[in-house]
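Hello,

Here is the structure we talked about passing on. My notes on it follow below the entry.

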Amino acid sequence: MLVFCDILDFKVLIFACLMTFLPNNLANNANEGAISLTQQNIDMTLATNELVLINFYAQWCRFSNSLAPIFEEAANKIRNEFPEPGRVVMAKVDCERESGIASRFHITKYPTLKLVRNGQPTKREYRGQRSVEAFEEFIRKQLEDPIKEFYDLKELTNLDDKKRMIIGYFDRKDVPEYGMFRRVATNLKDDCQFHVGFGTCSAQNCEIGEHFHFLNASRAMHPPGEPIIVFRSDKALSNDEDETYHGSLSNFDELNVWAQEKCVPLVREITFENAEELTEEALPFLILFYAPSDVESVKMYKDVVTRTLIDEKQNVNFLTANGVKFAHPLHHLGKTPADLPLIAIDSFRHMYLFPNFHDIHIEGRLKGFLQDLYSGKLHREFHYGPDPSDNEVPQVVGRIKMPTSPPESSFKKLAPSKNRYTLLKDEL
C-alpha cells in the first residue's frame with residue numbers, strides 16, 4: 001500500500017520518506033507522554049475512555065519525528081488537566097510495528113491524527129494546527145458538555161428551529177439513564193443539539209415539565225416519574241411533530257441507533273465544515289441548490305426523496321446546499337443564484353444538471369435521473385447528445401458531432417488531500 005508523509009511539496013515528500021536514517025525522536029517512556037497502542041491494549045483503551053486522540057506515525061518519516069515531541073508534551077499537559085480515569089487519552093501507534101492497527105484505521109499517510117469517541121472513530125481526521133496549545137484547546141472543546149440544561153419555558157420555545165435536537169427530561173442528573181443520554185449526546189453533538197431538564201415529576205404535579213408541550217404529549221405514554229426523551233426536527237424545514245423514544249434507556253446501543261437515525265437524516269445539508277466527511281463516504285451527491293429564503297423548495301425536495309428514493313440511500317448522498325454560499329459549482333453548470341432552485345448530480349468526476357426542478361413532482365422523474373447516472377447515460381448523452389429512441393434510426397447530417405465534456409466535479413476538491421494537511425474553502 002502506498003503511503004505518504006503529510007507535506008506540501010511532492011519533491012520534499014519523496015526526499016523525506018526516503019530519509020530512513022533520521023534519528024527517532026519519538027518518546028518511548030511508557031510513564032510519560034502519549035500511550036503506545038498495540039494489538040494487546042487498543043480495544044480496552046478505546047472501550048474504557050470517552051475520548052482518545054491517536055497519532056499514527058512511522059519511525060522513518062521526518063514529519064512524524066517533528067510532531068512527536070509536540071504531541072508528547074500535549075499528552076502530558078492533558079493528563080495533568082484531566083486526570084480522572086476514563087475521560088481522555090492521547091495515544092500513538094507505530095504503524096510499522098502495528099500494521100494491523102494501521103490497516104484497521106485506513107492509514108495512508110504519516111502522521112495521521114484520528115479521534116475516537118466512546119469507542120467509535122469520528123468521521124474527520126484532526127486537521128487543526130499542530131501545536132501544544134492547539135491540541136489542548138481541541139481536547140477541551142471535545143470534552144465540553146454537549147447538553148444544555150433548560151429551566152423554564154422560554155428556553156425551549158426560543159430554540160433555533162433550524163436545528164435538529166433531542167430533548168431529555170430526568171428526575172436527577174445522577175440517574176443511570178442520564179449517563180446513557182450523555183454518552184449518546186457526546187457521540188452526536190456535531191449532528192444534533194441536546195437539551196435536558198431535571199425535576200421530580202408525578203401524575204398530579206410536574207415541577208418543570210407541565211409547561212412543556214413535548215412533555216405533555218409524551219406523559220401519557222410513560223409511567224409517572226420515568227425519564228422521557230424526544231426528538232424535535234428542524235421546524236423550519238419540516239412539519240413533523242416531536243417524536244418520543246420508546247426503547248430502553250439502559251441500552252446504549254439501542255438509544256444510540258435511534259438518535260443516529262434522527263440526527264443524521266436521509267437528506268443532509270452540505271457545508272464547508274462537513275463536506276470533507278461527506279466526500280469520504282465516496283457516494284455520488286444528488287444536491288438541491290436553493291436560495292437561503294426558499295424554505296418551500298427544500299421541503300418539496302425532502303418529501304420527494306423520502307417518498308420515492310429511500311431505497312437509493314446506499315448508492316447516493318442526498319444533500320441540500322445554500323446556492324449563494326456554493327455559487328462556484330453553479331458557475332460550473334453555467335448557472336447563477338438567480339436560477340435557483342436547481343438539482344444536480346456530482347459524481348466526483350463530472351456534474352450533471354437535472355433539467356427542470358419542478359419535474360420532481362412527475363412520478364419517477366428524479367429516480368430516472370439517478371438511473372441514468374448509474375447506466376452511464378448521463379455521461380454518454382452529454383458527450384454525444386440525446387440517445388435515439390428504439391424506433392429511430394440515427395442520422396448524421398454534415399460532419400460528425402464532436403464530443404463535448406461535462407463540467408468537472410466541484411465537490412471532489414473538498415475531499416481530503418493525500419499530500420496536504422489543510423483544505424481551504426476558497427478552492428471550491
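The buried residues of helix α9 are Phe252, Leu255, Asn256, Trp258, Ala259, Lys262 and Cys263. Viewed down the helix axis, these buried residues fall within an arc of 165°, so they line one face of α9. An α-helix has 3.6 residues a turn, so residues three or four places apart point the same way. On the other side of α9, Asp253 and Glu261 are exposed. Please keep in mind that this is a predicted model.

Helix α9 and its surroundings

α9 covers residues 252-263 and lies across β9, β10, β11 and β12, at about 20° to β11. The helix has twelve residues, and the distance from its first C-alpha to its last is 16 Å, close to the 16 Å expected at 1.5 Å a residue. What do the buried residues of α9 pack against? The partners are β7 (120-125), β9, α7, β10, β11 and β12.

The N-terminal end of α9 is capped by asparagine 251, with a side-chain oxygen 3.1 Å from the backbone nitrogen of aspartate 253. The backbone nitrogen of asparagine 251 in turn lies 3.4 Å from a polar side-chain atom of serine 248. Serine 248 belongs to the loop between β12 and α9, and is partly exposed, with a relative accessible area of 26%. Not counting residues up to four places away in sequence, serine 248 touches Glu254 and Leu255. The C-alpha atoms of serine 248 and glutamate 177 are 9.2 Å apart, while 71 residues separate the two along the chain.

The sheet under the helices

β9, β10, β11 and β12 belong to an open sheet of five strands, in the order β8-β10-β9-β11-β12, with mixed pairing. Which strands stand at the edges? They are β8 (147-149) and β12 (243-244); each has a single partner strand, so one side of each is left without a neighbour in the sheet. Helix α7 (residues 176-188) also packs on this sheet, where α7 touches β8, β9, β10 (193-198) and β11. The direction of α7 makes about 160° with that of β10.

Within the sheet, β9 (residues 165-170) and β11 (residues 228-232) pair in the antiparallel sense over five bridges. Isoleucine 166 has phenylalanine 231 in β11 as its bridge partner.

Strand β6 (residues 112-117) has six of its six residues buried, so β6 is largely enclosed by the rest of the structure. Both faces are covered, with Thr112, Lys114 and Val116 buried on one side and Leu113, Leu115 and Arg117 buried on the other.

β6 runs antiparallel to β3, and six bridges join the two. Leucine 53 stands opposite leucine 115 in β6. β6 is also paired with β7, in the antiparallel sense and over three bridges; here lysine 114 stands opposite glutamate 125 of β7. β6 and β7 form a hairpin with two residues between them, and asparagine 118 in the turn has a positive phi of about 50°.

Asparagine 55 lies in β3 (residues 51-57). Is this residue buried or exposed? Asparagine 55 is buried, because its relative accessible area is 3% and the cut-off for buried is under 20%. Leaving aside neighbours within four places in sequence, asparagine 55 is in contact with residues including Leu67, Phe71 and Val93, and also with Thr112 and Leu113.

Regards

How values were computed:
Residues are numbered from 1 along each chain as its sequence is written. This is a predicted model: local features need pLDDT of at least 70, side-chain atom pairs count only at pLDDT 80 or more; totals for chains, interfaces and linings use all residues. Side-chain values use heavy atoms; hydrogens and water are left out. Helices (H or I, at least four residues) and strands (E, at least two) are DSSP runs, numbered from the N terminus. Buried means under 20% relative accessible area, exposed over 50%, partly exposed in between (1.4 Å probe, protein chains only). Contact means heavy atoms within 4.5 Å. Two strands pair if DSSP finds at least two bridges between them. Axes are lines fitted to C-alpha atoms, for helices over the stretch in contact, and angles run from 0 to 180 degrees between N-to-C directions. The expected span of a helix is 1.5 Å times one less than its number of residues. The arc is that of the directions from the helix axis to the C-beta atoms. A polar contact is a pair of N or O atoms within 3.5 Å; within protein, one must be able to donate a hydrogen and the other to accept it, and residues adjacent in sequence count only if both atoms are side-chain atoms.
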